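Work through the exercises below with the sequence and the coordinates at hand. Each task is followed by a solution in steps.

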Amino acid sequence: MKLKSNSLFMLDAADYNYPYTEYLVEKIAKKKKIFFFTRASSRAKPKFCEKKNFFYLISDFLNTKNKFLLGIEHIISMMIFSINFFFYRPKTIITQMTPLPVIDSFFFFILKYFCEIVHTVHNSDPFHNDGNYLQRSFNNIYLKNFKRFICHSEQTRLNLINKGFLKENILKFEIPIYFKNLKYKEIKKKNINKFNILFFGLI
């Protein structure tokens, strides 16, 4: 059975941004049917969606970070993702940060002619300035596959505008900072006195 035209694919292949992805999926799922694509060992457990976690299936099973194997699996997984796309024909794809923009650009270059693709920019500097040379240098070419963006800060929005993207196509979507499934009594019981807090954008 094919999805209706108001359906959506959410892609977070490497599970880089799972707290944000959970929050976004659950917000959108109130209005749209969502298929969520991610890696086999994904920590994300969003409600109200169908989860398809086949990315890096072998690597996660073997608990290895072999880059060659991950690269091959990424290509195969994107092929499976594309097959799912042409079977279900969603109206929109929302992507998260990709570990291999070179590969994904090939697939998105084709898919963008069949649906709207919205890219989430979590930081104005690709990979938080921590990616390798190929990842960082190819990022601007990768961004050209998209016309619409989601960002989390005003600085990121301005940086996208400075790159030539239309401001009306950039949605600033701020997310709340919260401890999900962790109540105050549990924090006190565990005697937790140090927290690692992840911020999206600038403070």
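**Exercise 1: residues with positive phi**

Tyr56 counts as buried at 3% relative accessibility, where buried means under 20% relative accessible area, exposed over 50%, and partly exposed in between (1.4 Å probe, protein chains only). The model is a predicted one, in which local features need pLDDT of at least 70, side-chain atom pairs count only at pLDDT 80 or more, and totals for chains, interfaces and linings use all residues. Residues are numbered from 1 along each chain as its sequence is written, and side-chain values use heavy atoms, with hydrogens and water left out.

Task: state where Tyr56 and Arg89 lie, and give the phi of Tyr56 and of Arg89.

Solution. 
- Step 1. Tyr56 sits in the loop between E3 and helix H2 (57–62). Helices (H or I, at least four residues) and strands (E, at least two) are DSSP runs, numbered from the N terminus.
- Step 2. The phi of Tyr56 is near 55°, a positive value in a residue other than glycine.
- Step 3. Arg89 belongs to the loop between H3 and E4, and its phi is also positive, about 50°, although Arg89 is not a glycine.
- Step 4. Arg89 is partly exposed, at 44% relative accessibility.
- Step 5. As background, most residues other than glycine have a negative phi.

**Exercise 2: the sheet and its helices**

Solution. 
- Step 1. Two strands pair if DSSP finds at least two bridges between them.
- Step 2. Four bridges join strand E4 (residues 92–95) to strand E5 (residues 116–121) in the parallel sense. Thr95 has His119 in E5 as its bridge partner.
- Step 3. Contact here means heavy atoms within 4.5 Å.

**Exercise 3: salt bridges**

Task: how many salt bridges does the structure hold, and which parts of the chain does the Arg43 and Asp15 pair link?

Solution. 
- Step 1. A salt bridge is a side-chain nitrogen of Lys or Arg within 4 Å of a carboxyl oxygen of Asp or Glu. The structure holds six.
- Step 2. One of them joins the side chains of Arg43 and Asp15 at 3.2 Å, N to O. This pair links distant parts of the chain, 28 residues apart: Arg43 is in the loop between E2 and E3, and Asp15 in the loop between E1 and H1.
- Step 3. Arg43 is partly exposed, with a relative accessible area of 48%, whereas Asp15 is buried at 2%.
- Step 4. Asp60 and Arg39 meet at 2.7 Å, N to O. Asp60 is in helix H2 and Arg39 in strand E2, 21 residues apart. Arg39 is buried, with a relative accessible area of 17%.
- Step 5. Lys52 and Glu50 form a salt bridge at 4.0 Å, N to O. Lys52 is buried at 18% relative accessibility, while Glu50 is partly exposed at 32%.

**Exercise 4: a loop residue and its contacts**

Task: is Phe146 buried or exposed, and which residues does Phe146 touch?

Solution. 
- Step 1. Phe146 lies in the loop between helix H6 (139–143) and E6.
- Step 2. Its relative accessibility is 2%, so Phe146 counts as buried.
- Step 3. Not counting residues up to four places away in sequence, Phe146 touches Thr95, Phe108, Ile117, His119 and Phe165.
- Step 4. The C-alpha atoms of Phe146 and Glu116 are separated by 8.4 Å, and the two residues are 30 residues apart along the chain.
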